[in-house]
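Reader: I want to learn to read this model feature by feature. Where do we start?

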Amino acid sequence: MVKLSKYLPSDIRNFWKNKKVLVKEGTSIGSGAIIMRGVTIKKNSLIGAEAVVIHDVPNDTIVIGVPAKFFKKKLNNFSHDKTYQIDF
C-alpha cells in the first residue's frame, strides 16, 4: 500500500493531522462506517453500516451510503433502550 500523504506538502498534511472527529451523545454508528477527520456528528444521529461520512451530520438525522447522504429525520420518540418485538 502506498501512503499518499508522503506526496502532499507538509502544510496540507499538518492541517488534516490536527482535525478531530466529534461524536455527540445518543449517536449510533453502523458497522464498518468510515468517518473522515474534521467531521462532527450531532446528537441522536444514526450512521448506516459501511457509510463514508465526509460532511457534518445534523441532529436527529439518518445518513447512509458512499458518500453518506441524508436519508431521513429520526423520530423524536425513538430510543435505543426500548425493546421491540416483531412477530412473524
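Reader: In the hairpin of β7 and β8, which residue takes a positive phi?

Author: First, the ground rules. This is a predicted model, where local features need pLDDT of at least 70, side-chain atom pairs count only at pLDDT 80 or more, and totals for chains, interfaces and linings use all residues. Residues are numbered from 1 along each chain as its sequence is written, and side-chain values use heavy atoms, with hydrogens and water left out. Now the hairpin: G65 takes a positive phi near 100°. Four residues sit between the two strands there.

Reader: How are helices and strands assigned?

Author: They are DSSP runs, numbered from the N terminus: helices are H or I with at least four residues, strands are E with at least two. Here the chain has one helix and eight strands. From the N terminus on, the order is α-β-β-β-β-β-β-β-β.

Reader: Which strands form the open sheet, and in what order?

Author: Start with pairing. Two strands pair if DSSP finds at least two bridges between them. Four strands form an open sheet here, ordered β2-β5-β7-β8, with mixed pairing. The edge strands are β2 (28-29) and β8, each pairing on one side only.

Reader: In which sense does β7 pair with β5, and in which with β8?

Author: With β5 (residues 46-47), β7 pairs in the parallel sense over two bridges. With β8 (residues 69-73), β7 pairs in the antiparallel sense over four bridges. Follow I62 across the sheet. I62 is the bridge partner of L46, and I62 also stands opposite K72 in β8. T61 stands opposite K73 in β8.

Reader: How do side chains run along a strand?

Author: In a regular strand they alternate between the two faces of the sheet.

Reader: Is G48 buried or exposed?

Author: G48 is buried because its relative accessible area is 10%. G48 lies in the loop between β5 and β6. Its C-alpha is 8.2 Å from that of A68, 20 residues apart in sequence. Over the chain of 88 residues, 18% count as buried.

Reader: Where does H55 lie, and why does H55 count as exposed?

Author: H55 lies in the loop between β6 (52-53) and β7 (61-64). H55 counts as exposed because its relative accessibility is 55%. The C-alpha atoms of H55 and K69 are separated by 8.9 Å, with the two residues 14 apart along the chain.

Reader: Which residues make the nonpolar surface patch?

Author: Patch residues have over 30% relative accessible area and no salt bridge; like charges are joined within 9 Å, nonpolar side chains (Val, Leu, Ile, Met, Phe, Trp, Tyr) within 5 Å. A salt bridge puts a side-chain nitrogen of Lys or Arg within 4 Å of a carboxyl oxygen of Asp or Glu. Areas come from the Shrake-Rupley method with a 1.4 Å probe, and for residues only the protein chains shown count as cover. V21, V23 and I29 make a nonpolar patch of about 210 Å². V23 lies in strand β1 and is partly exposed, at 39%.

Reader: Which residues form the positive patch?

Author: Lys and Arg count as positive, Asp and Glu as negative; His and the chain ends are not counted. Each charge is placed at NZ of Lys, CZ of Arg, CG of Asp or CD of Glu. R13, K17, K20 and R37 form the positive surface patch. K20 lies in the loop between α1 (10-17) and β1 (22-23). At 65% relative accessibility, K20 is exposed.

Key: Buried < 20%, exposed > 50% of the residue type's maximum accessible area, 1.4 Å probe, protein only.
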